[in-house]
Amino acid sequence: MGNKQTTFTEEQLEAYQVMLESEEQRLHGRFRELAPHLVPLDYTNNPDVKVPLTLIVTMPELKENPFRERIVETFSEDGQGNLSFNDFVDMFSALCEASPRELKTIYAFKIYDFNRDNFICKEDMEKTLNKLTKGDLTAEEVALVCNKAIEEADLDGDSKLSFADFENMISKAPDFLR
Amino acid sequence: MLHKNSTLSYCLQSTKIHCLLLVFAHTVREFFFYRKEYKLFYQKILLICLFIPFLNESMSFLGDEQFEGGNKEKRHREKRRDGSKDRRKRANAKRRERSRADRENEEFEERLGKREKGRRGRVKNDQEAKKRDEQDSEDKENSEDKEVKPESLSPDELEKLKEAVDEKKKLIQSLRGKPWPMKKKLVTLQETLRIQSHDDQDFENFKTACIPWEMKIKEIESHFGSSVASYFIFLRWMYGINMILFGLTFGLVMVPEALMGRPYGSIPRKTVPRAEEASAMDFAVLWDFGGYAQYSVLFYGFYSNQRAIGWLKFRMPLSYFLVGVGTVAYSYMVVIRTMARNANESGVGDDNSFNFSWKMFTSWDYLIGNPETADNKFASITTCFKEAILEEQESRKDDNIHLTRFLRVLANFLVLCCLAGSGYLIYFVVRRSQKFALDGFENHTWWERNEVNMVMSLLGMFCPMLFDVISTLENYHPRVALQWQLGRIFALFLGNLYTFIIALMDEINVKREEENIVKFNITMWEASLYNGTVSENFTASPITIHPADVPRGPCWETMVGQEFVRLIISDTMTTYITLLIGDFLRAVLVRFLNHCWCWDLEAGFPSYSEFDVSGNVLGLIFNQGMIWMGAFYAPCLPALNVLRLHVSMYLQCWAVMCCNVPQERVFKASGSNNFYMAMLLVILFLSTLPNIYTIVTIPPSFDCGPFSGKNRMFDVIHETLESDFPAWFSKVFSYASNPGLVLPFILLMVLAIYYLQSTSKSYKEANVELKKKLQMVIQIMKIILLLPTTVNNWRNNNASFQGQEGEILLPKSRQLENESYSCLIIQTYCLRRKERVTFFSKKTYDNEVKKKSFPVVFSF
């Protein structure tokens with residue numbers, strides 16, 4: 001596979017093993033066009049470059065997503081939303097259609113867990129709901145929905161959703177991973 | 001063409017009054033039920049107004065539709081582009097994922113003890129060195145990955161993942177082994193992967209794109225909720241039915257007659273009479289379906305009674321009769337079949353155990369990349385939540401049951417009083433107008449002549465409002481309230497139907513008397529003609545008289561067809577004008593006068609109108625009833641209706657999106673629409689009754705239509721049986737139609753229906769029972785599924801614990817409060833894992849139970 005190795009060394013290519021060269025190039029291209037002034041064209045020496053959150057969320061794939069900031073934050077190594085190229089590739093692989101359900105569930109849980117306490121508690125749900133409906137529901141309605149959701153999905157009775165609860169609930173959803 | 005002595009004639013003349021009254025009613029109703037303003041639609045209205053500065057009745061919707069359509073097209077294309085981009089991205093990321101899974105795989109192997117620190121070799125073709133490189137770099141990657149991944153990925157899941165990865169690895173290995181150029185490998189790989197996952201989705205997309213108006217309806221549903229969308233789905237369904245009816249009448253009746261029958265002007269029934277010739281082409285006459293329109297394939301009278309026409313020997317009268325019967329039979333079949341299917345669907349139901357959580361966590365579609373689609377999605381999620389919240393609130397509501405019951409009984413009593421009163425009023429007015437008709441209308445005042453129409457219009461205007469007020473007493477769920485409202489207005493409209501049929505019957509009787517006189521006159525006329533020719537002693541034997549000069553009967557069938565066509569046209573016009581004035585004009589006025597008015601028009605009195613689901617559904621149903629009633633006498637009716645429904649679809653979709661606001665309480669319509677169907681069935685039954693009555697009891701006109709010259713219309717069947725079938729067949733048929741055979745057959749059918757119904761009831765009960773059991777099994781499954789994680793967590797928390805007694809708080813379950821089940825489950829689980837299970841003694845257990853709500857204590 002070594003005909004065009006201007007941007008990647010042999011090792012990197014082998015590390016990404018089956019990811020075909022052109023696709024890698026494409027992703028790199030996408031990454032670079034977000035911040036042409038930050039990302040170098042030459043990636044052979046693995047530079048430590050990070051693209052800030054504000055630039056990532058302008059991607060067409062994320063632009064309309066109500067959870068875009070959360071998604072980027074979840075995938076960023078430093079938790080602030082700055083993505084290195086590896087994080088970027090990670091994000092794409094997790095969000096792609098072919099990634100396994102289990103993986104998606106894990107990331108979905110992380111995305112919805114706004115305060116990162118490994119539980120989806122009521123505040124997280126309220127935030128989720130307000131993002132989903134652009135704040136069109138009244139406070140009472142939001143509270144009602146949160147209570148109902150907890151009542152439905154919480155199996156161990158601690159009035160917040162652990163990962164096990166979440167996984168159990170989402171694995172039965174008809175819409176998840178269509 | 002209108003007969004003077006009929007109440008009907010005024011029906012059509014007063015359409016204008018009717019229309020104005022309706023508009024007035026609309027406004028008045030909104031005065032009482034004005035709703036809050038809705039900001040989303042200001043922009044749209046502004047946009048529409050910019051594009052159509054001058055409202056032209058017929059052109060406005062067309063112009064706008066094009067505009068909207070173009071817009072949508074663009075949107076669609078954009079979405080497609082987005083979709084393809086996404087797909088590419090996905091394919092791309094999929095490969096990425098595979099590499100990642102490979103890494104995981106290797107990490108797993110490494111954990112098993114294969115780890116060895118390799119020195120870096122730079123030899124390119126050395127496979128081993130390469131592999132070590134790989135591992136090294138993967139180590140690097142993994143160290144990043146591990147941070148992101150929670151520890152709770154159980155060995156089982158890892159195993160599964162491994163398998164999937166192995167499969168893909170194999171595929172890639174096999175590809176690698178082939179001596180193809182890189183490009184070919186790439187293409188093959190892409191294709192294999194695409195076939196695995198994308199084909200289904202593409203096909204689904206294609207299927208959705210094929211359903212007519214699906215996008216429009218989805219858009220409306222996202223903004224206005226499923227109740228409004230249910231009307232449009234019903235409209236679309238109706239359109240499909242009418243297309244088939246239209247195909248039947250057009251293909252088997254109108255086209256054969258037009259192509260193979262005798263041409264216009266060949267016989268008297270196909271010619272405009274001399275007296276009408278002068279005005280036959282006038283627009284006013286044509287608009288009224290007189291003149292040339294009356295003497296064309298559009299109406300019953302044009303068809304000739306030749307047994308077979310054209311080189312195909314097409315049996316025209318038979319075809320006409322069978323198509324008439326066939327349309328009704330087909331409609332029955334479709335309506336009943338749809339009802340049955342809907343009942344099936346509603347019987348199974350969805351699993352709603354995680355209704356709210358699913359809505360919250362899985363409703364966003366991550367593939368959306370288009371701003372407008374995203375807006376729609378936001379709206380639809382909000383609507384969906386509102387519907388669910390409403391359902392929840394309604395189910396929680398437990399007011400004073402006695403008070404509610406009393407109020408409901410009271411409301412029903414009031415409504416019944418209303419209906420009885422209006423029924424009597426209609427009966428009284430119709431009787432009175434019949435009396436007036438006998439005296440001759442000229443002697444009476446304007447009010448007395450238009451009494452029936454005015455009363456009908458006023459009742460149709462005020463009674464629904466009254467019902468609306470009364471229904472607020474009842475405190476029903478809005479969906480149930482809508483059904484009650486529909487049922488009540490339906491009962492009221494039946495009065496309308498009743499007057500119409502009475503008037504029509506009167507008219508038919510008058511025409512038949514007239515026909516008798518004409519018949520007598522014609523014999524006289526022929527005799528005089530014959531005498532005249534004899535006296536002048538012409539040698540030419542056939543007397544050539546232009547067909548326009550031949551005197552002819554009134555042809556009551558064509559008259560009935562014309563009445564129906566006129567009714568449909570006036571009804572359509574009323575609907576459209578009401579829509580344009582009541583909705584569009586009002587929205588424009590409210591929007592633009594708001595700047596210079598003393599109070600807030602948008603939030604205050606006129607506001608924007610809501611979509612009136614019940615009124616529109618009833619309009620549609622009654623319109624269809626008219627079609628079924630009139631289609632036998634005017635074969636053009638299905639065609640007209642298809643046209644009307646088509647225009648309605650676009651016009652109403654546009655009107656809803658640009659000038660209506662969503663209801664304050666958005667509620668979830670029952671998915672099946674079976675209530676609409678039931679009403680449709682009733683109307684279908686009611687509209688076939690008069691048809692059957694006229695066909696069976698009234699002899700057809702003697703000089704027009706395919707059955708002229710026969711004693712009854714259904715004689716055409718006898719005739720065909722006798723002349724076109726072998727003798728034994730008609731014999732068998734006559735035996736089969738013997739009452740001695742028919743009556744037992746009917747009895748058998750009734751018995752079969754009874755039997756089937758009782759079995760279906762028992763099935764339903766069994767279904768409910770099974771559902772309960774299934775629920776229980778699901779609860780048990782939940783516990784079993786969660787047990788590994790619970791046990792694992794517990795172990796992790798008590799790492800030092802070895803062989804002691806401990807306790808696990810089992811997941812609480814609402815339905816399964818029986819601890820013996822749980823004990824059993826735990827026992828089974830532990831046995832399977834070859835772990836020792838020791839339960840506490842009964843006494844300790846009891847103590848534990850007392851302490852906590854539902855603990856099961858055991859040790860390893």
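**Close-up 1. Helix α8(B) passes α14(B) in a left-handed crossing.** Left-handed here says that the near helix is turned anticlockwise from the far one by less than a right angle, while clockwise would be right-handed. Everything shown comes from a predicted model, where local features need pLDDT of at least 70, side-chain atom pairs count only at pLDDT 80 or more, and totals for chains, interfaces and linings use all residues. Residues are numbered from 1 along each chain as its sequence is written, chains are lettered from A in the order in which they are written, and side-chain values use heavy atoms, without hydrogens or water.

**Close-up 2. In chain B, α8 (residues 214-224) packs against α14 (residues 371-396) at about 55 degrees, with axes 7 Å apart.** That angle makes α8(B) oblique to α14(B) (under 35 degrees is roughly parallel, over 145 roughly antiparallel, 65 to 115 roughly perpendicular, the rest oblique). From α8(B) come B:Glu219, B:Glu221, B:Ser222, B:His223 and B:Phe224, and from α14(B) come B:Asn376, B:Ala379, B:Ser380 and B:Thr383; contact means heavy atoms within 4.5 Å. Sorted by class, that's 2 nonpolar, 5 polar and 2 charged residues (Ala, Val, Leu, Ile, Met, Phe, Trp, Tyr, Cys and Pro are nonpolar, Asp, Glu, Lys and Arg charged, the others, Gly among them, polar).

**Close-up 3. Over in chain A, α8 (residues 122-133) and α9 (residues 139-153) pack at about 125 degrees, with axes 10 Å apart.** These two helices are therefore oblique to each other, and α8(A) and α9(A) cross in a right-handed way. On α8(A), A:Met125 and A:Leu129 are among the residues that meet α9(A), whose partners include A:Val142, A:Val145 and A:Ile150. The contact of α8(A) with α9(A) counts 7 nonpolar, 2 polar and 2 charged residues.

Note on methods
Axes are lines fitted to C-alpha atoms, for helices over the stretch in contact, and angles run from 0 to 180 degrees between N-to-C directions. Helices (H or I, at least four residues) and strands (E, at least two) are DSSP runs, numbered from the N terminus.
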